[in-house]
Amino acid sequence: MNGLEIRELECFLALSEELHFGRAGERLYVSQSRVSQLLAALERRIGARLVERTSRRVRLTPLGTRFLSELRPAYEQLSSTVERARAAARGVEGTLRIGFQGTADARLMAAIAAFQERHPGCVTEIVEVPFADPFGAVRHGEVDAAIVLLPVAEPDLVLGPVFSSERQTVAVSVRHAFAGRASLTAAELEGTPLIAATGPAPAYWRTAHAPSDTPAPAVRTLQEGLTLVAADRGAMLLCRPTAEYHGRKDVVFVPVDGLPDSVLGMVWHRDGGTARVREFARALSGADTGAVTSEA
């Protein structure tokens, strides 16, 4: 199979039907001599003659007949597989798997509803992306695209619509000194142990969401982080919608001034920009989400 060209197989199939080198060349839009070259290359790979050619007729050898009986269904199956893949890439049908990190808030759900209304033939599946692995599900093909917290600086991923810019809050235990505050400044937060994500989240991403030099535990999930917060083992930065969604009696969420807003973005693999993904990006960029498209 080393170096086998699909054109050689197509040439043999055409010749087996036409039994004429000239007509086979016309079907393939190549010269008669090119048909001869392709057939000769295929026969060299196999190591035997597949076609007998005389001045009066062209016919398959016994080996050529057996080869044809096995090749034709395999080639048709391969052609169908390629065509289905092409149709899936062009069309907005089938299944679109969307990952989300943190909270599938109202803006994301509005984009999903808009996408489903425009493309009723495409089923949308929603999958939670681990806090400590924002990009893994996209890389491993577990989802077609994901809504993740920025920053994103991954050369194999495309950053599409950027949206949901929200003020940061810090989650602290009800026993913490900040628990009674109405708000904090970024300067006041310096020196506070901030709970961060573990790997495989890249270091730049972990630092962006826990900008502190004071040692603190690292966690895999938001629930692990909030449990440690409740135990007063550290504080944790969260955007306002996620803080509201994960509210609990033993944790207080205090707004923080002076930190960059928490921002979400849609990412997909550079090889995965199908019509479904592009159409969902368009829905997410709609006015109902307040999104601003920013592709990198």
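Author: Happy to. A salt bridge here is a side-chain nitrogen of Lys or Arg within 4 Å of a carboxyl oxygen of Asp or Glu. The model is a predicted one, and by this rule it has 18 salt bridges. Side chains of opposite charge can pair when their charged atoms come close.

Let us begin with arginine 181, whose side chain meets that of glutamate 188 in a salt bridge, at 2.9 Å from N to O. Arginine 181 is partly exposed, with a relative accessible area of 35%, and glutamate 188 is partly exposed too, at 33%. Elsewhere, salt bridges that share partners link Glu17, Glu18, Arg23, Arg27 and Arg72 into one network.

Next comes the bridge between arginine 59 and glutamate 52, where the closest N and O atoms lie 2.8 Å apart. Arginine 59 has a relative accessible area of 39% and is partly exposed; glutamate 52, at 33%, also counts as partly exposed.

Arginine 49 has a relative accessible area of 52%; exposed means over 50%, so arginine 49 is exposed. Glutamate 43 has a value of 11%; buried means under 20%, so glutamate 43 is buried.

Definitions and conventions. Residues numbered from 1 in each chain as written. Predicted model: local features only at pLDDT ≥ 70, side-chain atom pairs only at ≥ 80, totals over all residues. Heavy atoms only, no water. Buried < 20%, exposed > 50% of the residue type's maximum accessible area, 1.4 Å probe, protein only.
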